[in-house]
Amino acid sequence: MSIDTEAVDLALTTTRAVRKRLDLERPVDDQIILDCIDIAEQAPTGGNQTSRRWIVVRDPEIKQELARLYREVVGGFMLEARDRLEGTDHPRARTVSSSAYLVENLAEVPAIVIPTIVGRHDGSGAPGLFDSVIQSGWSFCVALRARGLGTAWTTAVLAKAPELKELLGIPEEITEIAMFPVAWTKGTDFRPARRDPARNITFFDGYGRTYESGPGTTVTMADGPGTMVETDIAAEIDEVWAAVTDIDLPAQFSDEFTGATWDEGFDGPALGAVFTGRNHLEVMGDWEVPCFVDVCDEPTAFGWCTSDPDNPGARWRFELQPLMGGGTRLIYRLLLGPGPSGLNMFIEQNPEKEPRIIANRLRVHRANMQAVLNGIKAHVEAGAS
Ligand SMILES: Cc1cc2nc3c(=O)[nH]c(=O)nc-3n(C[C@H](O)[C@H](O)[C@H](O)COP(=O)(O)O)c2cc1C
């Protein structure tokens with residue numbers, strides 16, 4: 001039997017967290033939930049020992065109690081955030097509004113399913129417990145989706161584990177993993193979410209090593225090699241934006257970059273703005289690089305390319321992402337090429353050493369980029385406190 005790849009991929013890419021589109025009126029048959037659990041039980045499990053136990057809650061009074069516990073944990077935060085962000089274009093506004101809806105309607109959902117596993121996580125880092133149940137929980141979600149039902153992976157109620165155990169008579173040696181509100185969905189048309197492309201978050205043969213294509217068995221400039229570093233900053237995104245668009249600031253933290261100045265006619269971040277960066281390395285002495293701002297989406301992305309905007313020697317990118325609990329994730333990315341840079345001279349002299357030259361240069365860049373992020377984090381957090 002051949003697998004319908006398109007159908008599988010569709011299910012895998014469109015199994016969304018459904019809350020507002022849960023149909024609270026249409027009954028859900030027990031059998032369809034059991035069918036989905038049967039499918040979920042096919043997931044891998046450590047030692048081939050199946051230790052998952054599933055609880056399906058139907059009783060309206062128990063659902064009320066679950067809803068009360070859930071509300072106690074996230075209600076205050078979610079409802080307040082919903083009211084604060086409603087009508088704004090804040091990137092979290094939709095998720096928060098959807099989450100708040102679930103807080104207010106959990107008791108009305110036809111079934112609430114709680115996967116559990118026999119055992120207590122001992123925090124030893126030994127493989128086994130959660131690793132033998134998370135994938136099964138996700139299979140359950142996808143199996144629901146394939147049948148026209150939906151759910152949302154929620155964990156907030158687990159903060160009330162003792163109350164949950166008491167309410168459902170769950171033995172002490174069992175660990176609760178998630179809480180799935182299950183219903184038919186209103187419509188079945190769901191779209192893939194916006195996620196980082198694989199190339200941005202996949203590293204080959206070492207953490208932080210990215211490629212725009214390839215890499216082949218030996219790394220060359222044609223593979224588009226690059227690197228990324230990141231840090232979470234306890235400050236609002238606008239404050240981080242102000243720091244990353246202060247083009248001279250990294251000079252305080254980098255061993256190589258010594259400063260930058262906007263070229264005549266430019267005085268701040270804007271698409272097409274040009275600045276000159278100054279650098280110093282023991283082996284190279286001082287040199288200057290013209291930089292052309294080619295990404296400027298306040299407050300989420302700022303970047304520039306060097307030397308020649310049509311055939312850059314390198315592309316530098318800051319990406320800013322607001323974090324759910326407050327704060328900002330700052331990613332700093334470097335892509336070498338596709339045009340020539342100082343590196344090409346060394347490669348032309350020693351073509352057989354191309355992979356090593358690239359790896360060494362990226363290692364130096366990466367250390368400086370991390371130092372810059374650490375510096376920006378300290379700078380912004382000092383200002384933010
Ligand atoms: C570990 C984990 C815990 C979560 N806990 C909650 C929760 O308590 N309440 C909730 O409404 N959503 C929860 N979610 C759902 C996420 O908010 C959801 O994935 C997010 O809204 C993105 O939606 P999408 O999955 O449709 O892309 C959780 C998701 C995960 C993976």
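Ala 260 stands opposite Gly 277 in β9. Strand β8 (residues 257–262) and strand β9 (residues 274–281) pair in the antiparallel sense, over five bridges. Two strands count as paired if DSSP finds at least two bridges between them. This is a predicted model: local features need pLDDT of at least 70, side-chain atom pairs count only at pLDDT 80 or more, and totals for chains, interfaces and linings use all residues. Residues are numbered from 1 along each chain as its sequence is written.

Gly 277 also stands opposite Val 289 in β10. Strand β10 (residues 285–297) pairs with β9 over eight bridges, in the antiparallel sense. β9 and β10 form a hairpin, with three residues between them. Strands (E, at least two residues) and helices (H or I, at least four) are DSSP runs, numbered from the N terminus.

## Helices α1 and α5

Helix α1 (residues 5–14) packs with helix α5 (residues 134–146) at an angle of about 115 degrees. Their axes lie 9 Å apart. Axes are lines fitted to C-alpha atoms, for helices over the stretch in contact; angles run from 0 to 180 degrees between N-to-C directions. α1 and α5 are therefore roughly perpendicular to each other (65 to 115 degrees).

## The helix contact

Ala 11, Leu 12 and Thr 14 in α1 meet Val 142, Arg 145 and Ala 146 in α5. Contact means that C-beta atoms, placed from the backbone, lie within 7 Å. By class, the contact of α1 with α5 has four nonpolar residues, one polar and one charged. Ala, Val, Leu, Ile, Met, Phe, Trp, Tyr, Cys and Pro count as nonpolar; Asp, Glu, Lys and Arg count as charged; the others, Gly among them, count as polar.

Note on methods: Angles under 35 degrees count as roughly parallel, over 145 as roughly antiparallel, 65 to 115 as roughly perpendicular and the rest as oblique. Two residues are in contact if their C-beta atoms, placed from the backbone, lie within 7 Å.
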